[in-house]
Number of protein chains: 4
Amino acid sequence: MGNGVKIEIIYDNPRLEEKLLLKAARISGVDVLLTNVKQHPLRFEPPDVDVSLVRCVSMYNAVHSAAVREGAGVRAVNSSQSKLNAGDKILTLSHMKRRGIPTPRTAVGLDSESAHKALEYIGLPAVDKPPIGSWGRLIALIKDLSSFNTIIEHRDMIANKLMKTHVIQEYIDIPNRDIRTLVVGDEVLAAMFRYRRDGDWRTNVARGGVPVMAYLNEELKEISLKAAEAIGGEILSVDVFEMGDGTYLVNEINGCPEFKGFIQATGVDVASKIINYLLKTARG
Amino acid sequence: MGNGVKIEIIYDNPRLEEKLLLKAARISGVDVLLTNVKQHPLRFEPPDVDVSLVRCVSMYNAVHSAAVREGAGVRAVNSSQSKLNAGDKILTLSHMKRRGIPTPRTAVGLDSESAHKALEYIGLPAVDKPPIGSWGRLIALIKDLSSFNTIIEHRDMIANKLMKTHVIQEYIDIPNRDIRTLVVGDEVLAAMFRYRRDGDWRTNVARGGVPVMAYLNEELKEISLKAAEAIGGEILSVDVFEMGDGTYLVNEINGCPEFKGFIQATGVDVASKIINYLLKTARG
Amino acid sequence: MGNGVKIEIIYDNPRLEEKLLLKAARISGVDVLLTNVKQHPLRFEPPDVDVSLVRCVSMYNAVHSAAVREGAGVRAVNSSQSKLNAGDKILTLSHMKRRGIPTPRTAVGLDSESAHKALEYIGLPAVDKPPIGSWGRLIALIKDLSSFNTIIEHRDMIANKLMKTHVIQEYIDIPNRDIRTLVVGDEVLAAMFRYRRDGDWRTNVARGGVPVMAYLNEELKEISLKAAEAIGGEILSVDVFEMGDGTYLVNEINGCPEFKGFIQATGVDVASKIINYLLKTARG
Amino acid sequence: MGNGVKIEIIYDNPRLEEKLLLKAARISGVDVLLTNVKQHPLRFEPPDVDVSLVRCVSMYNAVHSAAVREGAGVRAVNSSQSKLNAGDKILTLSHMKRRGIPTPRTAVGLDSESAHKALEYIGLPAVDKPPIGSWGRLIALIKDLSSFNTIIEHRDMIANKLMKTHVIQEYIDIPNRDIRTLVVGDEVLAAMFRYRRDGDWRTNVARGGVPVMAYLNEELKEISLKAAEAIGGEILSVDVFEMGDGTYLVNEINGCPEFKGFIQATGVDVASKIINYLLKTARG
């Protein structure tokens, strides 16, 4: 069974996913240490575990939890580095571009003047995202200059430099859905469509997007594994746009994926897949 | 002379340092492309340069500028990765600890409850820093619980998750100064003391700290180069505490160092050192 | 019974107090319209009520709810004006000073330089408050210049001009308690002490302060009614400091008082007192 | 000449207007005390002046400066009360509605759910403003639900309750200009059009709006004086929309008006008018 492997699950706001992981670990006979970082401080001393599975909802909590564990010599999954590469959309794009993985056409404006020029370069309509953020939050569809000015004014009022950074991308008129795959180690578990809800152009399940199983073809497998490798991540989801000509673009990567909708759409037992992967790799 | 090497200097708020770098480059006959990221958008297409020297004051501007250049296949100095490792104090500590480089005793609280426990573990007096920040800003000396509660309340009001993350460290009662060294490639240029000003316990030159040349001994050289290597940085400053027993601790690392005070204290022509290093390494 | 009077209770986050008010109204046979401003928009059209009792926790929600009702010709209790006078500590002080009601010695700094000079004038130790805020939040006890600098730096990071405004007051070394009275119309219902909890210098019940009944003497009655009149408020609590020489100072006024602790300490049926007052005054 | 009258001019960021006021005062032989609230703390003690003219750019600085002077028995122009009534758009509307002065159709949402219902009530297109703000900042033109959601998400990220308050108003399709009048005491000095610049739907001069003299007819005079009286203000500008049928609506009121553009458009010596008004009324 668990072979004496001990796994730490680090979390901040426990969701269904964390409960499923705990249950899967117990079924596998794995010893689990639960660490709620809202209650427990992190010290640079190794807890008695073989691997730390970092499941914080907050991207920075995830990065910092992984970093402290790594500083104490404990393997964190995903690593602090890959959490950052996935969590910061400019780092994600940088890694995709370096490997030649297709992504939307993008320009980055680090201030309002450069943001305006970035928009000119990309053209209208465009998408304007801050580099950090989940569930599609603050991602704005820019249809005209007047609404772009309004977005810039609002971002400038948020006391966070990252909100003043504008990642401007071509708006890709995908039918009414995107594709999400889930990668665990070197396996792509399955693929699903996320259909957007009426009244929101975003497909995020948190925004009412509807998950439906999709066929996982070879191209999807290949682009997902390449993206995961570029990011350095072991467990992550890859959001893919399907272009009119049948090719794929990587849109975003999530380094701490929710998978409730994924289970519902595909029937894959994601939690067990993750626990088995950790067991297999825990003892090198 | 410049050997046909072309250097891009990327900046946001040009300081004396950037002007000195430009002058040094011109004296060396190097072709310079100046990119003000507040005015110019960043595209994932390589500018016609051999290397990009990233000198943004804003840490995130620096990281993102480097990342976009790297995405286009251009070498950035420092790399986006090392800019992040130096800019985020938890990542810095993680890398120091991994290599066994001494640092102050630290515990991290990712929320107010865990911050309180982190402080209990470290004991009073302590230092409470957010993971991100320059010039000693928001670094609080905690003498009692009541002032700690006040700090926590204030950080909670700032709309930035990172400000709710408390890096709690033992307060090290250094005499009235710390040491800063400057690393360029595998050379430590010199060392200086920073004497704190009356009325502020912090030594930052931006807070009135007074820079004075210090003797660069072998131990300082060694710890500086180790710290630089751990971070993956090529050009950076290392802030060191000198303990009562003559040993050293690495306190912080700056991945885009100001060096006006350093020139004043040590007389080293830092700008030329940096340009020469880039020339030497530009063409592999 | 209710005499056909119809009362609107406007609220945002219902607490025990609002439930007690609703119950008291029903016992009195009063018709109640409940308006949750988080769900219902406010229009400048009169709802079919005789008076609107504004019980929002958020001071601005209270002010704006009252203002919209007043704009539609409906009497709001308290009025938008008195909600503001109580909610903004500088306005409160202004009204107290105009009527010669004693308050702590105060100077206001509208920026960091003037805040420093305000502190010089008041002397150490001092209290530094933003003009807006509840439950003692962000109220800092300043014992030395270094911690004052830290507070100023923190306030500067909050994206709200009011947090950069420093109300600096002499620290009054009250024994270990202050006094709170509750005013409804021209009646002072009772008085209570609030004993501070160990480890916090503030007496707020929300911070663990312990409420205990106090004797309501004539001086307390008089200063409470004067303060209420100065503010223009009908229903409010007055926080009073008892000086070494037996005189009183008004510290703060709350225009939408919580009264759970007050009932516990004094046994007064505050909710019925408020409803009866509204009944008595509703039809002019 | 100045008749021994002494005027204090209170300011934070001196603009051309404050310089013109100082010059006009000196020409009139008036003694002037200049108080920069960024440098000087405000105490509740009367400075040796007859009246304080409050010219702070920051609305809260203006309110608080006036309140402290009033607390010390000094007349402030405008009063703290009228500064607030003009500065908070919900208070402004409340006062207009009470007096039957026409304004745009408005509903107020104090949270995202009530904001959505407020928009439903008003209909598309609509204007969404926070209650506080100058130069048209953060005022969004809402053309569809998707952009409304984006605005709500952005406002929610700003650490200021007032930014989460949505004043939703019908979008009034004025030709390409609005009208501004300037009131000093019981005189309306003149009227001007503000023509909007290409690419911005707002007419603010700070946004490139072009000021042109307008004919001050009796209706404009009347609505301006009524609005000033409702607000309790002595010196203010009134922004008016001219409807298709020739009637007028009051849109906003400014309690500390800039008048550079006004002088340029109308030739009126506003500064002297203000100083003369203060002289005339100083010794009541």
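**Ground rules.** This is a predicted model, in which local features need pLDDT of at least 70 and side-chain atom pairs count only at pLDDT 80 or more, while totals for chains, interfaces and linings use all residues. Residues are numbered from 1 along each chain as its sequence is written, and chains are lettered from A and ligands numbered from 1 in the order in which they are written.

**Contact.** I looked up which residues touch, taking contact as C-beta atoms, placed from the backbone, within 7 Å. Chain A gives 44 residues and chain B gives 44 residues. On the side of chain B that touches chain A, α2(B) gives the most, with seven residues. I took helices (H or I, at least four residues) and strands (E, at least two) as DSSP runs, numbered from the N terminus. I also found that 100% of the interface residues of chain B are interface residues in chain A too, so the copies meet through the same surface.

Which residues of α1(B) are buried? I found B:E17, B:E18, B:L21 and B:A25. Buried means 20 or more other C-beta atoms within 10 Å of a residue's own, exposed 12 or fewer, and partly exposed in between, with C-beta atoms placed from the backbone. On the other side of α1(B), B:L16 and B:K19 are exposed.

Methods:
Contact = placed C-beta atoms within 7 Å.
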